[in-house]
Amino acid sequence: MGNPKVVLGVSGGIAAYKACELLRRLTESGHDVRVVPTASALNFVGEATWAALSGHPAGTEVWETVHEVPHVRIGQAADLVVVAPATADMLAKAAHGLADDLLTNTLLTARCPVVFAPAMHTEMWEHPATRENVATLRRRGSVVIEPAVGRLTGKDTGKGRLPDPEEIFEVCRAVLARGTAADLAGRHVVISAGGTREPLDPVRFLGNRSSGKQGYALARTAVARGARVTLVAANTALPDPAGADVVRVGTAVQLREAVLKAAADADVVVMAAAVADFRPAEYATGKIKKQEGREPAPVALVRNPDVLAEVSADRARAGQVVVGFAAETDDVLANGRAKLRRKGCDLLVVNEVGENKTFGSEENEAVILASDGAELPIPYGPKEALADAVWDQVAARLA
Ligand code: CTP
């Protein structure tokens with residue numbers, strides 16, 4: 001098998017320049033990329049750039065090299081088509097099956113997964129016409145990732161930015177790795193990630209070693225499987241995954257509020273965050289000072305709400321699937337089974353922690369325990385692989 005064949009469609013928006021970076025990521029990681037810009041995309045970045053970076057011609061029309069029948073061949077041969085940026089006009093054409101240039105023809109002939117990364121002004125993204133076109137494309141199995149929120153062209157800010165090319169690349173990788181339809185399309189999933197911090201005073205907190213990487217891997221893979229993702233991130237230092245709506249929180253109480261709010265219309269809630277079980281009973285509004293000749297006062301703690309148990313007990317929707325995580329140091333499976341019952345969730349992902357295990361690493365090993373008694377060991381491997389295994393179990397329960 002040769003290198004995976006990727007078609008990078010570029011439509012006419014200012015974010016076209018960011019597609020150069022996506023192209024580099026794809027080619028440097030061994031993908032054979034054919035760039036198909038639209039004529040208006042060339043107003044932003046010229047054909048020479050696309051041809052030089054991809055090593056292939058980068059024409060926009062079906063009338064060039066006609067003997068090679070490019071309007072059919074390029075789409076047929078592709079393992080993945082990614083359109084970044086996808087303008088409102090491009091989404092409309094794709095939704096309606098128009099085919100007036102090489103890219104729109106390619107979209108009609110491709111039978112591989114298709115990812116659209118829209119970028120436009122907020123008003124255009126929110127317009128009912130665009131909303132309907134996006135819904136149509138998603139219903140047909142395309143992955144349309146949500147634009148990021150931030151600075152737009154000119155002085156505006158809002159939803160409509162093209163996500164970071166690095167993160168679009170991660171979505172492409174995840175879609176290519178699975179190579180199948182978006183089985184979480186139309187689903188809203190809520191994922192908590194990271195670790196809460198419980199403040200003692202303005203400069204100190206009780207925290208934990210969670211990096212958030214497993215929760216972010218869950219968010220990325222869910223986007224790649226077509227889900228609408230709300231990521232409740234507690235004190236993480238990771239880039240926002242493309243397509244996820246990120247809600248930042250600090251404490252367990254804030255995390256609970258954000259998770260319950262998002263869970264109200266969610267199909268799935270995954271509690272991957274390390275939530276502190278206790279918080280200091282008192283918060284000192286000024287920095288706690290050491291006192292000469294006096295022992296420090298003991299820190300009194302109070303219980304935090306158990307978000308996983310609460311979400312499991314009060315399902316906001318019938319059929320909502322709730323997933324917990326458990327990190328254990330001893331009697332991993334026995335503790336996991338007991339915890340699954342105690343928390344009342346449908347699935348519990350149990351992993352063993354200790355020195356140099358799991359926290360902050362790129363890899364993970366776990367057992368997925370199910371409330372129906374099933375136990376699925378996941379071998380040591382990338383956190384994305386564990387995330388996909390979790391989504392496989394979730395998708396089976398949603399079906
Ligand atoms: N969790 C939660 N709210 C808390 C504590 C934990 O929602 N206040 C969730 C975590 O997000 C994770 C799971 O519960 O999904 C892990 O629970 P853990 O804290 O390990 O379990 P405990 O019930 O605290 O068990 P123990 O202290 O006995 O390990």
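Two strands are said to pair if DSSP finds at least two bridges between them. I begin with that criterion because the first part of this presentation concerns strand pairing, and a pair of strands is counted only when at least two bridges are found. The structure before you is a predicted model.

Let us start with strands S3 and S4. In S4, proline 118 is the bridge partner of alanine 86. Strand S3 covers residues 80-86 and strand S4 covers residues 114-118; the two run parallel and are joined by 4 bridges. Both strands belong to an open sheet of 5 strands, ordered S2-S1-S3-S4-S5, with parallel pairing. Which strands form the edges of this sheet? They are strand S2 (32-37) and strand S5 (143-144), each of which pairs on one side only. Helix H1, residues 16-28, packs on the sheet and touches strand S1 (5-10), S2 and S3. The direction of helix H1 makes about 175° with that of S1.

Alanine 84 and proline 85 are joined by a cis peptide bond, with omega at about -5°. Proline 85 is found in strand S3.

I turn now to strands S6 and S7. Strand S6 (residues 148-151) and strand S7 (residues 157-161) pair in the antiparallel sense, over 4 bridges. Alanine 148 stands opposite arginine 161 in S7. The two strands form a hairpin with 5 residues between them, and in the turn glycine 154 has a positive phi of about 75°.

The cut-off behind both assignments is a relative accessible area under 20%.

A second salt bridge joins the side chains of glutamate 310 and arginine 256, at 2.8 Å from N to O. Here the partners lie in two helices: glutamate 310 in helix H11 (residues 307-313) and arginine 256 in helix H10 (residues 252-263), so the pair ties together parts that are 54 residues apart in sequence. Glutamate 310 is partly exposed, with a relative accessible area of 23%. Arginine 256 counts as partly exposed at 29% relative accessibility.

A further example is the salt bridge between glutamate 328 and lysine 339, whose closest N and O atoms are 2.7 Å apart. This pair links distant parts of the chain, with glutamate 328 in strand S16 (residues 321-328) and lysine 339 in helix H12 (residues 332-343), 11 residues apart. Both glutamate 328 and lysine 339 are buried. Elsewhere, salt bridges that share partners join Arg178, Asp183, Arg225, Asp388 and Asp392 into one network.

Next, I would draw your attention to two backbone angles. Where in the chain does asparagine 235 lie? Asparagine 235 is in the loop between strand S11 (228-234) and strand S12 (244-249). Its phi is near 55°, a positive value in a residue other than glycine. With 28% relative accessibility, asparagine 235 counts as partly exposed. Aspartate 331, in the loop between S16 and H12, has a phi near 40°, again a positive value in a residue other than glycine. At 59% relative accessibility, aspartate 331 counts as exposed.

Finally, I consider the surface. Leu206, Phe278, Val299 and Leu301 make a nonpolar surface patch of about 340 Å². Phenylalanine 278 lies in strand S14, residues 278-280. With a relative accessible area of 42%, phenylalanine 278 is partly exposed.

Conventions:
Residues numbered from 1 in each chain as written. Predicted model: local features only at pLDDT ≥ 70, side-chain atom pairs only at ≥ 80, totals over all residues. Heavy atoms only, no water. Patch = residues over 30% accessible without salt bridge, like charges linked within 9 Å, V, L, I, M, F, W, Y side chains within 5 Å. Areas by Shrake-Rupley, 256 points an atom, 1.4 Å probe, with all protein chains shown as cover. Salt bridge = Lys/Arg side-chain N within 4 Å of Asp/Glu carboxyl O. Buried < 20%, exposed > 50% of the residue type's maximum accessible area, 1.4 Å probe, protein only. Contact = heavy atoms within 4.5 Å. Axes fitted to C-alpha atoms, helices over the stretch in contact; angles between N-to-C directions.
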